[in-house]
Amino acid sequence: MTNYLTVYDESAVKAFCTTRASETKAWQSMALLDTQVNVQQALIDAAQFGIRYVLLGICEDIGPRANLGNTGAHQAWSAFLKRFLNQPHNQFIATQKVLLLGEVNTVDLMLQSNQLSAKQPEQLTQLRELCKQLDERVEAVLSLIFKAGLEPIVIGGGHNNCLGIIRALSKYNQNPINAINLDPHADFRPCEGRHSGNGFTYAYNEQHLNNYHVIGLHELKNNQVILDAMAQANHRFTSYQAIAVRKEITLSSAITHALNSPDDYALGIEVDLDSITHMPVSAYNCSGFSVADAEHFVHLAASNRYAKYLHLCEASPSQHPNGPITGTAHVGQVISALVNSFILAREAKAP
């Protein structure tokens, strides 16, 4: 399991960090894991010493490419670190309870994927096989975190990574989980080989996913096969058009209704950054929600007593129309805002 994880030490994050006189930065209050100790035991020890949240990166765009999408999702993690680590640490945010763990090992898989084109059927099959291998790595690393009783905040890569996270949590709890997803797409495509568009389908078919609700599903960006599959599985959605165009329901009411589950299963919080208007992502969206809407979604979902993780995916700095430098700043700021919303909400509900 630990072969699938690169644990960060001070040298790994030094390049991202800045200092300022009379100011404590987030990175100066956060914890790193002891790289000389067994990872599982070190995570358990961290929880005993007051750590609650674990930051984990996944630097890949294999899943989006295997879904015939664009490149660049591997850049989101570093963009986030540049911003989040250097925000001020103050009374409002408990970054002293945050562990910067590191990243899932993806280098070898990315090197293989870079030689493949999704336009060639045989190579597309190979991309989807690499995505399947990535699933196994994500599951293995997340299992370590859940077993330590910690709450992972997973950043970067495509929405394909939801499957590894859901598998790990479901197996740890020995029950399927519930998931709420802010996303214009249901990501409930057929099981045609693994990619970013069918992680929830695989999770459901493997009996790891119980109630699944999509907030902001775009009525015109999902084919009928997907909609029929959602209905057959008794999964629900509240569409973007119902919330923002026809205004049949407010965003707050839609989220609250989706969270009103009769069972006590663990809850996964999923945010596809495609849901945010003009966000540099794998699938650029001109008709979505604001950053503040996304923060509100995370706040309400994280306030749920059963919330167990936050997954932020599909951001691609290089897809920004003004170039990757602007895209990096944009992605870093938005993802940091969403992570802050999660931690603030969880701390407000802390026992």
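Me: How much space lies in the largest cavity?

Reply: About 40 Å³. Keep in mind that this is a predicted model.

Me: And how many cavities of 30 Å³ or more does the structure hold?

Reply: The structure holds one of that volume.

Me: Which residues line the largest cavity?

Reply: The lining consists of D183, P184, G216, H218, Y240, S275, N285, S287, G288 and F289. By class, six of the lining residues are polar, three are nonpolar and one is charged.

Me: Thanks! Changing topic: how many helices and strands are in the protein chain?

Reply: The protein chain has 14 helices and ten strands.

Me: What radius of gyration does the chain have, against that of a compact globule?

Reply: The protein chain has 19 Å, which agrees with the value near 20 Å that a compact globule of 351 residues would have. Along the principal axes, the C-alpha trace spans about 55 × 45 × 45 Å.

Me: What share of the residues is buried?

Reply: Buried residues make up 56% of the 351 in the protein chain. As for the surface, the chain exposes about 14,600 Å², with carbon and sulfur atoms supplying 49% of that area.

Me: What about contacts between residues 24 or more positions apart?

Reply: Those account for 78% of the contacts with a separation of 6 or more in the protein chain.

Me: Let's zoom in on α5. Which of its residues are buried?

Reply: Helix α5 covers residues 76–84, and A76, W77, A79, F80, L81 and F84 are buried there.

Me: What do they pack against?

Reply: The buried residues of α5 pack against helices α2 (26–29) and α14 (324–348), and against strands β3 (53–57), β4 (98–104) and β5 (151–155).

Me: One more: where is K119, and why does K119 count as exposed?

Reply: K119 is in the loop between α6 (107–113) and α7 (121–147). K119 counts as exposed because its relative accessibility is 77%, and exposed means over 50%.

Me: How far is K119 from R65?

Reply: K119 and R65 are 9.8 Å apart in space, C-alpha to C-alpha, and 54 residues apart in sequence.

Key:
Residues numbered from 1 in each chain as written. Predicted model: local features only at pLDDT ≥ 70, side-chain atom pairs only at ≥ 80, totals over all residues. Heavy atoms only, no water. 1 Å grid on protein atoms, 1.4 Å probe; cavity = no way out; pocket = protein on both sides within 12 Å on 5 of 7 lines; lining within 4 Å. Points joined across faces, edges and corners; volume = space filled by probe spheres on them. Nonpolar A, V, L, I, M, F, W, Y, C, P; charged D, E, K, R; others polar. Helix = DSSP H or I, 4+ residues; strand = E, 2+ residues; numbered from the N terminus. Rg over C-alpha atoms; globule rule 2.2 N^0.38 Å. Buried < 20%, exposed > 50% of the residue type's maximum accessible area, 1.4 Å probe, protein only. Contact = heavy atoms within 4.5 Å. Areas by Shrake-Rupley, 256 points an atom, 1.4 Å probe, with all protein chains shown as cover.
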